[in-house]
2 protein chains.
Amino acid sequence: MATKLTSRQKEILEYLHKSSRTTGLMPSTRELQHYFGFASQTAAMSHLRALEKKGVIQRVPGKARAVIFPEELDREEIRDIPIYGRIAAGYGDSTAPEPEGCLSIDITSLGGRGKNETFALRVRGESMIDAHICDGDTVILEKREARNGDIVAALIDGETTLKRFISQKGKTYLQAENPKFPDLIPTDELIIQGVMIALLRKAA
Amino acid sequence: MATKLTSRQKEILEYLHKSSRTTGLMPSTRELQHYFGFASQTAAMSHLRALEKKGVIQRVPGKARAVIFPEELDREEIRDIPIYGRIAAGYGDSTAPEPEGCLSIDITSLGGRGKNETFALRVRGESMIDAHICDGDTVILEKREARNGDIVAALIDGETTLKRFISQKGKTYLQAENPKFPDLIPTDELIIQGVMIALLRKAA
DNA sequence: CTTCATTTTTTTCATCCGAAAATTTTCCTT
DNA sequence: AAGGAAAATTTTCGGATGAAAAAAATGAAG
């Protein structure tokens, strides 16, 4: 079952992947035929059969374009998370800024919490270094109410910063995780944009 | 174009997602019909048309099961990465141990390096804490030759540990990023299992 | 009540598409 | 040279599937 693929079979499989990713559709046997210049559709059919026999694809008999990649079946649901470099003041409900990128990850790896809206921020500065959050890291946040001890993205002076949210004896304030940075006692209102649920770092 | 969906349309869209994720296939219009108990296939058709008009799906005229989610088209290629808790001694080429989980993420977020085989390890212990890698973090590694300064997973005494790889003046050794841990000079041979390319941390 | 969009029905077509049987060709291995 | 697997061809079927036209319910809003 786990026999190696022939070079032709690799070509076919690669095309299946490419087609499925770029067009969003599985090719029909005739589309395969035309792409590879076969004179017959049966050639495509028998290749699919061979690939199925070797376990790299699955097929559903009788159904159109019914080629499945087993690894995608096992996969958890994928969440697409917009990455913002900076969140402007008016944010919160409606005016989402332009994302500067996007991050796709399965929801299990995010800790299961999938219900709320999620977004990501690139960390700038060292103010959370003692929580082992570094400059350049990408922090993934969830929109929900902050609880004591949560790391949150908050709006301070029109700028979004990452801090630890502290709620003690009825008072709430923000704390940096770096002795060089002072605590922030909110002047009027504390606007929490999101609560950190995960962190992603690329190696240099 | 960005009109809100009616409740019926939400149901249909949700079924499309569910079907596509669990069976790996888009339902045909007749499958939609039977699922929702319509007496006609045309009912399904017109719902699909409505969803397309509102921009939440795309369709390719004339082709079977040709419903596409736009967000999946934009998505980068997803990589499925097995997570190992422990890598046994004989590893490296053939004998992969049982993964204790799986992580799916787009390859761009991994730093582009997509060619080599990748795997992930759960970090245990504090030996790399000064590199801001904590107990419980998941480290994503790539199989390739280590360069000076890389953080690597290496096999020491039949155990896999994460250390910084140092190569100076022809000598190579491993360095913990925690003053409490000593450097490791290899006794005979240094077996590098992978080089760290990214890190993922779930908030507590 | 009227209007209008949404939702559903009935019927009919054309064609997309998987499937099968019987061969032939190509190429690698012994 | 022989054997065998992989690759490709030719031809034929029937079911799967999208599509269209005409119309009838349904339900919410003015």
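Start where chains A and B meet: between chain B and chain A, 18 residue pairs are in polar contact, both partners being at pLDDT 80 or more. A polar contact is a pair of N or O atoms within 3.5 Å; within protein, one must be able to donate a hydrogen and the other to accept it, and residues adjacent in sequence count only if both atoms are side-chain atoms.

Before going on, note that this is a predicted model, in which local features need pLDDT of at least 70, side-chain atom pairs count only at pLDDT 80 or more, and totals for chains, interfaces and linings use all residues. Residues are numbered from 1 along each chain as its sequence is written, chains are lettered from A and ligands numbered from 1 in the order in which they are written, and side-chain values use heavy atoms, with hydrogens and water left out.

**Stop 1: the side of chain B that touches chain A**

Select α1 (7-22), β2 (67-68), α4 (70-74), β3 (78-84), β4 (101-106) and β10 (191-202) of chain B; each supplies at least two residues of the side that touches chain A. Helices (H or I, at least four residues) and strands (E, at least two) are DSSP runs, numbered from the N terminus. Which element gives the largest share of this side? It is β10(B), with 7 residues.

Now colour this side of chain B by class: you will find 23 nonpolar, 8 polar and 12 charged residues. Here Ala, Val, Leu, Ile, Met, Phe, Trp, Tyr, Cys and Pro count as nonpolar, Asp, Glu, Lys and Arg as charged, and the others, Gly among them, as polar.

Widen the view to both partners. The contact (heavy atoms within 4.5 Å) takes 43 residues from chain B and 43 residues from chain A. The size of an interface is often given as the accessible area lost when the parts come together. Between chain B and chain A the buried area is about 3500 Å², with carbon and sulfur atoms giving 54% of it; this is the accessible area (1.4 Å probe) that two parts lose on being put together, summed over both.

**Stop 2: paired strands and salt bridges**

Zoom in on Lys202(A), whose bridge partner in β10(B) is Ala198(B).

Next, look for the 4 salt bridges between chain B and chain A. A salt bridge is a side-chain nitrogen of Lys or Arg within 4 Å of a carboxyl oxygen of Asp or Glu. Show the side chains of Arg75(A) and Asp80(B), which form a salt bridge at 2.6 Å, N to O. Then find Lys63(B) and Glu31(A), another salt bridge, with the closest N and O atoms 3.1 Å apart. Lys63(B) sits in the loop between β1 (58-59) and β2 of chain B and Glu31(A) in helix α2 of chain A, so this pair joins two chains.

**Stop 3: DNA strand C**

Select the 26 residues around DNA strand C, where Arg30(A), Arg65(A), Ala39(B), Ser40(B) and His47(B) come nearest. A residue is near a strand if one of its heavy atoms lies within 4 Å of it.

**Stop 4: DNA strand D**

Finish with the 25 residues that surround DNA strand D; Ala39(A), Ser40(A), His47(A), Arg30(B) and Arg65(B) are the closest. Thr6(A) has a polar side-chain atom 2.7 Å from a phosphate oxygen of DNA strand D. In Gly62(B), a backbone N or O atom lies 2.8 Å from a phosphate oxygen of DNA strand D.

Definitions and conventions. Pairing = 2+ DSSP bridges.
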